[in-house]
Amino acid sequence: MQRRLLMKAALTAVTLTAFGTTAALAENPVLKIGFVGVTSGPAAAWGISNQRSMEARAAWINETGGYTIGNTTYDIEIVSFDDQKDPKRAIAGMEKMAQEGIHYVVGPNVDDGAAAVRPVAESNGIMYFPYAFPKSLYQAPASNAVLGMVANYQSGPAIYKYLMENEGVKTVAFIAANESDPLSQRDGGVEAATALGMEVVSGNVTYQVDTTDFTPVLTPVMRTQPDLLVLSGVSPANAPQLIRSARELGFQGLISTETAQDAGVLAEGAGDLANGFISVGGASTPELASPMMNEFVQRYTDMFGEYNDESNTKVYALEYILETLKADPSAITDVAAFQATMDTFEAPNPYMNGDAKLRYVGMASFGQRRQVAVPLVVNVYQDGSFETLFVAEVD
Amino acid sequence: MEQILANGVYLGSQYAMIALGLTLIFALMNVLNFAHGQMYVIGGFVTYTFYGQWGVPFVLALVMSCVTLAILGALIERFLFAPVIKGSAREESTMLLAAGIAFFLDAMILLVFGEKQRGVPKIVDGVFNYDFRLIMPYDRILICVLAILSIVAFIGLMQYTKTGRALRALAQDRTAAQLMGVNVDRYSMIGFALGAMLAGLVGGLLVTITGVNLGMGGPTSIKAFMMVMIGGAGVISGAIWGGIILGFMEAIGLAVLYQYGDITYLLIFVSLMIFLAIRPQGLMGKPWG
């Protein structure tokens with residue numbers, strides 16, 4: 001009898017709690033934004049920083065009353081799908097988004113996944129924001145992909161030119177993981193360096209994605225004694241090990257990459273050996289980060305226990321989607337309206353100090369506005385944190 | 001040439017250690033432990049937490065990795081593998097269970113340790129440089145020596161202790177061992193714990209060189225399986241030879257074939273396929289299992 005009473009009481013409590021929660025969430029209608037990317041396996045860090053950036057920002061918006069688009073205030077819900085870096089899974093993820101009636105998706109994180117989901121996205125009226133660089137994704141007749149970051153063929157030449165002019169760099173060596181993204185970034189880098197008049201002394205050394213010890217891989221590259229070693233498309237997991245091995249093999253030159261990195265990971269994995277390492281960041285340094293960026297970092301840290309510097313570049317996609325929808329509320333269900341708005345859209349960049357703007361660019365690279373205008377901030381790592389080397393504009 | 005030899009010895013010793021635990025578990029229980037790589041990763045993270053985060057001396061942190069993984073291995077054997085082996089005669093049941101454990105451990109690692117690459121301070125500073133013909137950081141030399149000593153200690157344990165003899169008897173013939181009075185359940189658990197402990201030990205050792213991250217488990221398991229297949233599944237000396245051979249193939253391939261891109265592993269896989277077609281039981285395995 002007592003047990004039955006206890007069970008009834010527990011059931012009542014659970015029911016009331018569930019109703020209470022639903023009632024609290026149901027105050028605003030929900031706007032679902034999707035994420036399809038890699039959150040497991042060796043490349044998990046790429047997608048998790050995306051997903052957590054979106055979740056941290058959505059929680060912040062919901063906590064402060066929701067996001068107003070037109071006359072309606074929405075709670076933001078992030079619907080995530082782990083594609084495991086597998087194009088087949090990425091397609092399944094995008095189909096899931098279509099089934100849920102989602103029209104705006106961040107991801108996928110890699111080239112083949114982004115290419116694979118294109119037919120699904122275009123046939124189901126989904127705009128998606130990949131972190132993948134192939135130009136064909138963004139050039140007409142492709143219509144629904146928007147590059148979510150600065151591409152290596154945009155940042156690479158800027159970095160090489162800066163280093164040629166300021167550091168007297170004349171020779172360069174490239175090393176890349178043996179998979180599509182890093183290899184295409186390496187090829188783009190070799191092309192850009194050659195066009196600038198640099199001598200490419202080593203351009204075909206690659207390593208397995210799961211390599212953990214880079215000394216044997218780097219030994220032949222180090223024999224070429226380049227002024228600059230470019231780690232093409234390097235993941236944050238591999239960057240410290242590559243830097244450490246290169247320095248231990250006696251390399252004295254500069255080391256750079258065109259991907260975003262995390263200062264904490266570099267500090268732990270390479271320590272002082274990472275000093276001088278050049279990478280691409282977002283509004284990451286104290287002089288660039290606005291109070292809103294600082295609050296985002298704090299909220300992300302509170303929510304997940306630790307911030308990831310990669311999120312400096314990944315905080316933008318959700319903001320772009322919401323701000324563009326705010327500019328034309330009919331775009332919530334009509335991506336054609338979204339695409340039309342992209343051509344003229346402009347809003348203040350809330351994450352950077354100064355008068356930086358959120359707007360869509362890409363005319364020079366793609367012939368249409370299919371890239372978010374995030375600042376090209378080139379950082380240099382020094383004693384545990386990033387310092388701004390220079391800032392440039394894309395397009 | 002000196003550099004290739006040094007890289008081969010270094011890679012071979014660490015690979016041999018990774019393969020040892022896997023082949024031990026296979027020999028004792030006929031279980032392909034797909035979660036071996038995840039156990040290696042947990043070993044790395046435990047050492048990272050104790051040594052890198054809390055400042056505990058490295059040796060103590062390494063012991064903590066071994067103890068943690070031994071306990072984890074014992075629990076997994078007692079509460080997961082043992083009931084499944086008793087309840088199902090089909091080998092794929094244990095394979096599916098091992099795969100499930102691997103996914104579960106991956107998820108747990110993400111929850112507990114996060115998605116980032118982690119690293120610890122170097123245990124020894126400095127680089128040995130012989131006229132730029134042989135360059136090897138001192139910490140790698142130390143880890144290589146420790147790995148070789150651990151392998152020797154493991155062989156000693158298996159050859160000269162009562163536990164080792166019981167484990168070898170179990171590996172040779174489970175029924176005969178039971179008839180001779182070996183407590184099969186107890187030694188199965190000890191063997192699984194020992195295999196997991198070896199994964200933890202090598203994870204703890206290598207975190208000082210390679211760091212550790214969530215995604216290392218799967219690729220580590222695949223590499224360990226390759227070494228075991230080369231040497232012969234379930235044969236301790238085979239795992240050691242498999243590791244050494246793979247280490248040298250990798251070191252030679254990376255040094256000689258670099259100008260052709262990353263074809264080293266392509267050639268290794270092709271060689272492995274041809275080798276297994278000719279000798280499916282591996283170098284030291286027996287054709288009858």
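The dialogue below reads selected features of a predicted model with chains A and B.

Biologist: Before we look at single residues, what does this predicted model require of local features and of side-chain atom pairs?

Modeller: Local features need pLDDT of at least 70 and side-chain atom pairs count only at pLDDT 80 or more, while totals for chains, interfaces and linings use all residues. Residues are numbered from 1 along each chain as its sequence is written, and chains are lettered from A and ligands numbered from 1 in the order in which they are written.

Biologist: How many residues of chain B are in contact with chain A?

Modeller: The size of an interface is often given as the accessible area lost when the parts come together. Here I use contacts instead, where two residues are in contact if their C-beta atoms, placed from the backbone, lie within 7 Å. By that criterion 32 residues of chain B are in contact with 34 residues of chain A. Two or more residues each come from helix H1 (2-29), strand E2 (134-137), helix H8 (184-210), helix H9 (217-231) and helix H10 (236-256) of chain B, and H10(B) gives the most, with four residues. Helices (H or I, at least four residues) and strands (E, at least two) are DSSP runs, numbered from the N terminus. The side of chain B that touches chain A divides into 13 nonpolar, 13 polar and six charged residues, where Ala, Val, Leu, Ile, Met, Phe, Trp, Tyr, Cys and Pro count as nonpolar, Asp, Glu, Lys and Arg as charged, and the others, Gly among them, as polar.

Biologist: Which domains does the assignment give for chain A?

Modeller: Domain bounds come from an automatic or database domain assignment, and for chain A it gives domain 1 (30-149 + 287-374) and domain 2 (152-259). Their centres, taken over C-alpha atoms, are separated by 29 Å, and 10 residues of domain 1 are in contact with 12 residues of domain 2. Helix H2 (44-63) and helix H4 (111-116) of chain A each give two or more residues to the domain 1 side, which divides into six nonpolar, one polar and three charged residues.

Biologist: In helix H6 (residues 162-172) of chain B, which residues are buried?

Modeller: An α-helix has 3.6 residues a turn, so residues three or four places apart point the same way. A residue is buried if 20 or more other C-beta atoms lie within 10 Å of its own, exposed if 12 or fewer, and partly exposed in between, with C-beta atoms placed from the backbone. The buried residues of H6(B) are Ala166(B), Leu167(B), Leu170(B) and Ala171(B). Seen down the axis, they fall within an arc of 140° and so line one face of the helix, the arc being that of the directions from the helix axis to the C-beta atoms. Lys162(B) and Gln172(B), on the other side of H6(B), are exposed, whereas the buried residues pack against H1, helix H5 (138-160), helix H7 (174-179) and H8 of chain B.

Biologist: How do strands E1 (residues 30-37), E2 (residues 67-69) and E3 (residues 72-82) of chain A pair?

Modeller: Two strands pair if DSSP finds at least two bridges between them. E1(A) and E3(A) run parallel and are joined by eight bridges, with Lys32(A) opposite Glu77(A). E2(A) and E3(A) pair in the antiparallel sense over three bridges, and Ile69(A) has Thr72(A) as its bridge partner. E2(A) and E3(A) form a hairpin with two residues between them, and Gly70(A) in the turn has a positive phi of about 65°.
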